[in-house]
Amino acid sequence: MPFDFDSETRRRLGYKLIDRIDEYFSGLAQRPVQLPEELRTFADLGQPLPELGNDAATVLDIMCSEMMAQGFHVPSANYFGLMNPTPTYMAVLAEALVAALNPQLASLARSQLAARIERETVRWIGERVGWEKPFDGTFTSGGNEANFSALAMALAMHFPQSVEDGLASCSAKPVLYASAEAHHSLDKSAGLLGLGRKSLRRIPVNAAAQMDTEQLEAQIARDKAAGFTPFCVVATAGTTNSGAIDDLIKLAEISKRHDLWFHIDGAYGAAAIFSDQHRELVRGIELADSVTIDPHKWLAMPFAAGVVLTSHPEALQQAFATTTPYMPKKTGSTPLLDNFQVSTQWSRRMNSLKLWLTLQVHGRQAYEELIDRQLKLAAFFANWMRTSELFELAAPQVLPIVNFRVKRAGMAEDEHRAVHEAIVHDVTRDGRRWISTTLVGGQSVIRMMVISYLTGHRHLEDLMIALTEAAKKHAGVDLKNQAGKI
């Protein structure tokens with residue numbers, strides 16, 4: 001079967017797909033997250049490679065049905081898991097358009113309008129960060145690449161010779177700092193940059209799960225005395241486990257005093273810059289040398305979309321610029337650099353259009369409302385925990401993430417962990433909803449978050465009922481009056 005369908009076939013397939021996507025979106029408020037436990041399978045499909053094609057409409061229809069019936073549905077309103085949202089419908093349409101047009105953003109000469117749209121989107125984000133001096137940035141595949149890029153810039157600016165001559169040219173071993181709760185993309189980045197994962201100093205956190213600034217100062221002093229060269233502090237604005245936000249202003253002051261690059265991993269929480277009302281959550285973000293933000297988290301974009309921004313535009317070129325004879329040369333007098341000169345990527349897709357188009361259609365105010373609504377829903381759930389005879393909050397609720405533990409005097413930590421796992425298993429076994437367990441401050445917690453713009457009070461109330469029933473079964477607590485408090 002040739003690749004080049006005729007117009008009638010393209011339209012027939014396109015309308016069929018749009019109808020199935022519409023069907024899917026129409027049911028997301030009620031859709032279970034996954035199949036019941038007894039129906040799930042992780043076995044390989046085992047199909048042979050097709051030598052001859054099949055009817056396109058039939059294949060598409062079957063695949064839509066199977067993906068909807070057997071998939072794990074992150075966009076469901078009943079998904080209270082990690083930082084994966086229900087995507088905006090305009091973003092879905094943007095993804096289809098990008099796939100069809102297939103712009104190549106490596107160079108300006110081959111992207112033109114697509115590159116200008118990306119630069120405008122980066123400018124919008126940087127303006128919300130609050131930088132008044134020149135800044136720059138680039139879209140990435142996600143927070144991992146964005147954090148890697150930020151550390152590469154920090155390294156290149158602190159040790160400029162290392163870009164060409166490697167880490168052996170550094171006068172002393174570079175080290176960097178992040179909290180014990182910071183994302184593990186930092187460990188990966190330290191290893192991939194040749195620093196070694198042990199060069200990342202994990203600083204203990206305080207009772208609010210924030211980096212302990214006194215212990216940071218002490219570690220910097222110890223490292224300097226031992227002959228290491230500190231070069232970067234990474235603050236987190238919205239940890240994955242609990243949503244904690246480090247003291248950005250204090251960490252900026254420490255970084256400046258010790259002449260360290262100050263990076264903020266705001267992959268999730270930095271989206272608060274889109275809210276005038278709640279911007280205070282990330283007060284001090286404008287003091288950063290670089291910032292990571294993932295639109296595919298709190299800004300409701302489909303995968304993949306990360307952004308790294310810096311208030312030192314020259315750092316991007318210092319870390320990533322190279323030359324090659326085969327890249328098309330841009331014409332005219334534009335001072336703009338080709339994207340491959342400011343990014344770890346060469347060939348890459350246009351990940352900016354979905355956010356740009358969503359903002360064009362809905363405006364920033366839609367994010368103002370989304371952020372406020374989800375914070376209030378999380379506060380509602382956290383307040384239920386505060387009055388519960390069964391559960392207790394395990395960490396402050398700062399962003400729309402709630403950590404809680406079974407309330408039972410004398411329970412050992414390993415028993416707590418086993419009970420939490422059993423409760424989560426019961427709550428998720430039928431596939432209707434999804435929550436998880438994690439560790440905060442080294443202690444087992446149950447974790448839920450509000451991440452879908454479709455989630456409402458009724459979804460939380462159903463979750464409360466399920467949690468109550470599961471705890472009644474596994475925690476050995478008398479909950480005869482608990483249901484009436486939901």
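Student: Is A300 buried or exposed?
Tutor: In this predicted model, A300 counts as buried, at 4% relative accessibility.

Student: Where does A300 sit, and what is its phi?
Tutor: A300 is in the loop between β6 and β7. Its phi is near 60 degrees, which is a positive value in a residue other than glycine.

Student: Which other residue has a positive phi without being glycine?
Tutor: One of them is N102, with phi near 50 degrees. N102 is located in the loop between α3 (89–101) and α4 (113–129).

Student: And is N102 buried or exposed?
Tutor: N102 is exposed, with a relative accessible area of 59%. A300, by contrast, is buried.

Student: Back to the loop between β6 and β7: where is M301?
Tutor: M301 lies in that loop. M301 counts as buried, at 1% relative accessibility.

Student: What does M301 touch?
Tutor: Leaving aside residues up to four places away in sequence, M301 touches P85, P87, T88, A91, P295, H296, K354, L355, T358 and Y367.

Student: How far is M301 from T138?
Tutor: Their C-alpha atoms are separated by 16 Å, and the two residues are 163 residues apart along the chain.

Student: Which peptide bond is cis?
Tutor: The bond from F303 to A304 is cis, with omega near 0 degrees. A304 also has its place in the loop between β6 (290–293) and β7 (306–310).

Student: What about I293, where is that?
Tutor: I293 is in strand β6. At 1% relative accessibility, I293 counts as buried.

Student: What surrounds I293?
Tutor: Beyond residues up to four places away in sequence, the residues that I293 touches are I125, G266, A267, A270, A271, I273, L299, G306, V307 and L309. For A271, which is 22 residues away along the chain, the C-alpha separation from I293 is 6.9 Å.

Student: New topic: how much of α11 is buried?
Tutor: Seven of the 10 residues of helix α11 (residues 353–362) are buried, so α11 is largely enclosed by the rest of the structure.

Student: Which ones in α11 are buried?
Tutor: The buried residues are L353, K354, L355, W356, L357, T358 and L359. Among them, K354, L355 and T358 are touched by M301.

Student: What covers the buried residues of α11?
Tutor: The cover includes α3, α4, β1 (136–140) and α12 (364–386).

Student: What follows α11?
Tutor: G363 follows α11, and the phi of G363 is positive, near 80 degrees.

Student: How long is α13?
Tutor: Helix α13 (residues 413–428) has 16 residues. From its first C-alpha to its last, α13 reaches 22 Å, close to the 22 Å expected at 1.5 Å a residue.

Student: Which residues of α13 are buried?
Tutor: They are H416, V419, H420, I423, V424, D426, V427 and T428.

Student: Why do residues three or four places apart point the same way in an α-helix?
Tutor: An α-helix has 3.6 residues a turn, so residues three or four places apart point the same way.

Student: What covers the buried residues of α13?
Tutor: Their cover includes the strands β8 (391–393), β9 (401–406), β10 (436–440) and β11 (443–449), together with helix α14 (457–474).

Student: And A57, which helix is that in?
Tutor: A57 lies in helix α2 (residues 56–70). A57 is buried, with a relative accessible area of 12%.

Student: What does A57 touch?
Tutor: Not counting residues up to four places away in sequence, A57 touches R12, L13 and K16. A57 and T9 are 48 residues apart in sequence, and their C-alpha atoms are 8.9 Å apart in space.

Student: How many helices and strands are there overall?
Tutor: The protein has 14 helices and 11 strands. Its radius of gyration is 24 Å, close to the 23 Å that the globule rule gives for 486 residues, so the protein is as compact as a globular protein of that length.

Student: What are its spans along the principal axes?
Tutor: The C-alpha trace spans about 70 × 70 × 45 Å.

Student: How much of the whole protein is buried?
Tutor: Of its 486 residues, 52% count as buried. The accessible surface comes to about 22,200 Å², and 55% of that belongs to carbon and sulfur atoms.

Student: Last one: how far apart are the mean positions of the positive and negative charges?
Tutor: The mean positions of the 49 positive and 55 negative charges are 1 Å apart.

Note on methods
Residues numbered from 1 in each chain as written. Predicted model: local features only at pLDDT ≥ 70, side-chain atom pairs only at ≥ 80, totals over all residues. Heavy atoms only, no water. Helix = DSSP H or I, 4+ residues; strand = E, 2+ residues; numbered from the N terminus. Rg over C-alpha atoms; globule rule 2.2 N^0.38 Å. Buried < 20%, exposed > 50% of the residue type's maximum accessible area, 1.4 Å probe, protein only. Areas by Shrake-Rupley, 256 points an atom, 1.4 Å probe, with all protein chains shown as cover. Lys, Arg positive; Asp, Glu negative; His and termini not counted. Charge placed at Lys NZ, Arg CZ, Asp CG, Glu CD. Expected span 1.5 Å × (residues − 1). Contact = heavy atoms within 4.5 Å.
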